[in-house]
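I opened the model today to look at one helix, the packing around it and the charged pairs. My notes follow in the order I looked things up.

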Amino acid sequence: MIPTTPTTPKIPTTIDAYLDALRRELGGSDPAMVQDALADLDEFLREERETLRAASAGNPGAPDEPTLVARLLARYGEPAEVAEAYRQNERRVARALAPRALPEVEEEPAAPPAPRSWRERLFGVLRDPHAYGALFYMFLSLGTGIVYFTWAVTGLSLSLGLAILIIGVPFFLLFVASVRGLALMEGRIVETLLGERMPRRVPGGVEGTLLQRVAHWLRDRRTWSTILYQLLMLPLGVLYFTLFAIFLALTLGLFAGPLVGLYFGHGVISADWFQLELPFWVVLPLLWLAAAFDLFVALHLARAIGRLQGRLAKLLLVAR
């Protein structure tokens, strides 16, 4: 058998090679984390480029790319080191945001959790903060859906209408920038209330002429997927808010109905064609138990909706 010698990774010498190597090292990681990592490097490269331009003010021309790569390697390290640093930071952030404390060991991956019992799966929703956050998200979704839908339709209409004028190009760039800003805000809401990891950094801008920037935004999948997400949020917001209102009305009605009936002296359970008189001490616990069950079902449904909404946001708002 011929012994094989391990091959050392090739050190990148260009910016594109460095970014490609970092993408490969981060393969399989959360797309939101990858987007944040590339945004950090983009900011560093812009700062270093401006520093080189200021230092060589008397020498026209673009900054030396090998110098930029050398500074990138000196500050961040090789792509494998950068990828591992981001993974460790991601584990620390996940531990800090987790509802329950995670093991303190960072070097070794934690053992897979034991399967939860049916009681934990059924009643664990009562102490899941993301279930309550999803309920609040369903309440907010109607307002945010109206804002997103109105802004997307207005921006698209004006962009198409102004396309034949000279002001159309900068207006389209401003519209796309505002759409991405709203996407970052929606990502903060989704991560806070639903617990889905979303980007925390705005992606870097595009350099070049005005027409080159427009061409880039037109080719970028995330431009259109973000607009699609904003258009979808109106019908989804109406659906979520309707479900929230139904469960809220049922819970409050079941909880307060007996007390209102007792105060006004009406039958505890009554309708136009039916009336049932029962002792107050019998009906009150039954209806309050029904109210608790309704809230219990609402939390389970909200948690399921929150997970689906988080995956939809990750699919349409995060760069690939």
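This is a predicted model: local features need pLDDT of at least 70, side-chain atom pairs count only at pLDDT 80 or more; totals for chains, interfaces and linings use all residues.

I began with α6 and found a kink of about 40° centred on L140. I then checked the length: α6 has 33 residues and reaches 45 Å from its first C-alpha to its last, close to the 48 Å expected at 1.5 Å a residue. At the start of α6, I found a side-chain oxygen of D128 within 3.1 Å of the backbone nitrogen of H130.

Next I looked up the packing. The largest nonpolar core has 26 residues, and Y137, M138, V190 and Y229 touch the most other members. I noted that α6, α7, α9 and α10 each supply at least two residues of this core, with the largest share, 7 residues, coming from α10. Leaving aside neighbours within four places in sequence, I listed the contacts of M138: Y240, F241, L243, F244, A302 and I305.

Then I turned to charged pairs; the count of salt bridges came to 10. Which residue forms a salt bridge with R197? I found E90, with the closest N and O atoms 2.6 Å apart. R197 lies in the loop between α7 and α8 and E90 in helix α4, so the pair ties together parts that are 107 residues apart in sequence. R197 is buried, at 11% relative accessible area, and E90 also counts as buried, at 17%.

Last, I looked at E196, which forms a salt bridge with K314, the closest N and O atoms being 3.0 Å apart. E196 is in the loop between α7 and α8 and K314 in helix α10, 118 residues apart. I also noted that D30, E196 and K314 are linked in a network of salt bridges.

Conventions:
Residues are numbered from 1 along each chain as its sequence is written. Side-chain values use heavy atoms; hydrogens and water are left out. A nonpolar core is a set of buried Ala, Val, Leu, Ile, Met, Phe, Trp, Tyr and Cys residues joined through side-chain atoms within 4.5 Å. Buried means under 20% relative accessible area, exposed over 50%, partly exposed in between (1.4 Å probe, protein chains only). Helices (H or I, at least four residues) and strands (E, at least two) are DSSP runs, numbered from the N terminus. Contact means heavy atoms within 4.5 Å. The expected span of a helix is 1.5 Å times one less than its number of residues. The bend at a residue is the angle between axes fitted to the seven residues ending there and the seven starting there. A polar contact is a pair of N or O atoms within 3.5 Å; within protein, one must be able to donate a hydrogen and the other to accept it, and residues adjacent in sequence count only if both atoms are side-chain atoms. A salt bridge is a side-chain nitrogen of Lys or Arg within 4 Å of a carboxyl oxygen of Asp or Glu.
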